[in-house]
Amino acid sequence: MAAVPSPSQVVAAVDLGGTKTAGAIVTGGGELLARTERPTAAGGDAEAVFAGVAGVLDELARHPAWPVVTAVGVGSAGPVDTAAGTVSPVNIPSWRGFPLARRIAERTALPVRLLGDGVALAEAEHWLGAAAGYRDALCMVVSTGVGGGLVLGGRVHPGPSGNAGHIGHLSVQWDGEPCPCGGHGCLEGLASGPAIVRRALAAGWRPVDGTPRTARAVADAARGGDPAARTAFDLAARALAAAIAGTAALVELQAVVIGGGVAQSGPLLLDPLARHLPDYAGLPFTHGIAVHPARFGPDAGLVGAAAAALRERPGRERPRGE
């Protein structure tokens, strides 16, 4: 088992997604000493996307605690390749094999620990959050994309390349729409924020004049009783239930923890998810999976990236991206 970090340790963390890039300085006790974020230029070229990461790091470097930072943990939308230190997020087309760990190490002169955003959520929730009491759990990010990380036998299980638990690209609709990943009917295309917006619009929902077409706007409409908006959330929850049940049949789960921007809708997503789960989890050993909201909310990726970085030992040379 990994050593419990000292509260006096201090690391930096970056959480990179298709919508925003966040950064923080985090203590060994999980406290955020500083936090900042910028929009992710997901449609821009590779350097435009990295400019946002650089801006976040530069802002953190101006904080008084920066001189005692010993490492940087980076949670990124995936897939990732932790051995190579590269990332290829499905929702950032210009980043294919982008050497993110090396670029951050060059900018900060610090060791870098790279992990997928779903694994980062699992790190956070298993360390100090809703999965802390479970030996076997699935932790999911439901946001601009859908990712996941596994806790198996009491340990976070990233897999050889760092992508184990990447549930967003599990096909739950074999004859479904093509996915940018190359598959068909992927969970991400049915349960992500943009998918919920598409479903709601197709069913007749229209945002109030001037309101952006976002999952948050759909959630607001659903709370107000809009049937198209409520149906969009219900269909997303059904797709999540099918994917979770399939995962439970493979690895046996005690719990699932749901985080990410879409999960901030709370009962609109989690209540139908819990209701639909028994429809797909039919085998006896898949029954009774507990459903929890992530305890860290939007900061889960930062806390999880920090948890991984806290396992770096100051003064120890480590391969970039390990």
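Trainee: What should I keep in mind about the model before we start?
Mentor: The model is predicted, so local features need pLDDT of at least 70 and side-chain atom pairs count only at pLDDT 80 or more, while totals for chains, interfaces and linings use all residues. Residues are numbered from 1 along each chain as its sequence is written, and side-chain values use heavy atoms, with hydrogens and water left out.

Trainee: Into which domains is the chain divided?
Mentor: The chain is split into domain 1 (10-120 + 300-311) and domain 2 (133-294), with bounds that come from an automatic or database domain assignment.

Trainee: How many residues of each are in contact, and what separates the centres?
Mentor: In domain 1, 12 residues are in contact with 19 residues of domain 2, where contact means heavy atoms within 4.5 Å. The two centres, taken over C-alpha atoms, are 24 Å apart.

Trainee: Where does the largest pocket lie?
Mentor: Both domain 1 and domain 2 give residues to its lining, so the largest pocket lies between them. On a 1 Å grid over the protein atoms alone, a pocket is an open set of points with protein on both sides within 12 Å along at least five of seven lines, a cavity is a set where a 1.4 Å probe fits but cannot get out, and lining residues have an atom within 4 Å of a point.

Trainee: How much space is in that pocket, and which residues are nearest its centre?
Mentor: The largest pocket holds about 960 Å³, a volume being the space filled by probe spheres set on grid points, which are joined across faces, edges and corners. Its lining has 40 residues, and Ser143, Thr144, Gly260, Gly261 and Val262 lie nearest the centre.

Trainee: Which helix gives the largest share of that lining?
Mentor: Helix H6 does, with five residues; helices (H or I, at least four residues) and strands (E, at least two) are DSSP runs, numbered from the N terminus.

Trainee: Which domains does the cavity lining draw on?
Mentor: At least three residues of the lining come from each of domain 1 and domain 2.

Trainee: New topic: is glutamate 123 buried or exposed?
Mentor: Glutamate 123, which is found in helix H3, counts as buried because its relative accessibility is 8%; buried means under 20% relative accessible area, exposed over 50% and partly exposed in between, with a 1.4 Å probe and protein chains only. Leaving aside neighbours within four places in sequence, glutamate 123 is in contact with Leu115, Val156, Gly304, Ala307, Ala308 and Arg311.

Trainee: And where is valine 291, and what does it touch?
Mentor: Valine 291 lies in strand S12 (residues 290-293) and counts as partly exposed, at 23% relative accessibility. Not counting residues up to four places away in sequence, valine 291 touches Val256, Leu270, Leu273 and Leu277.
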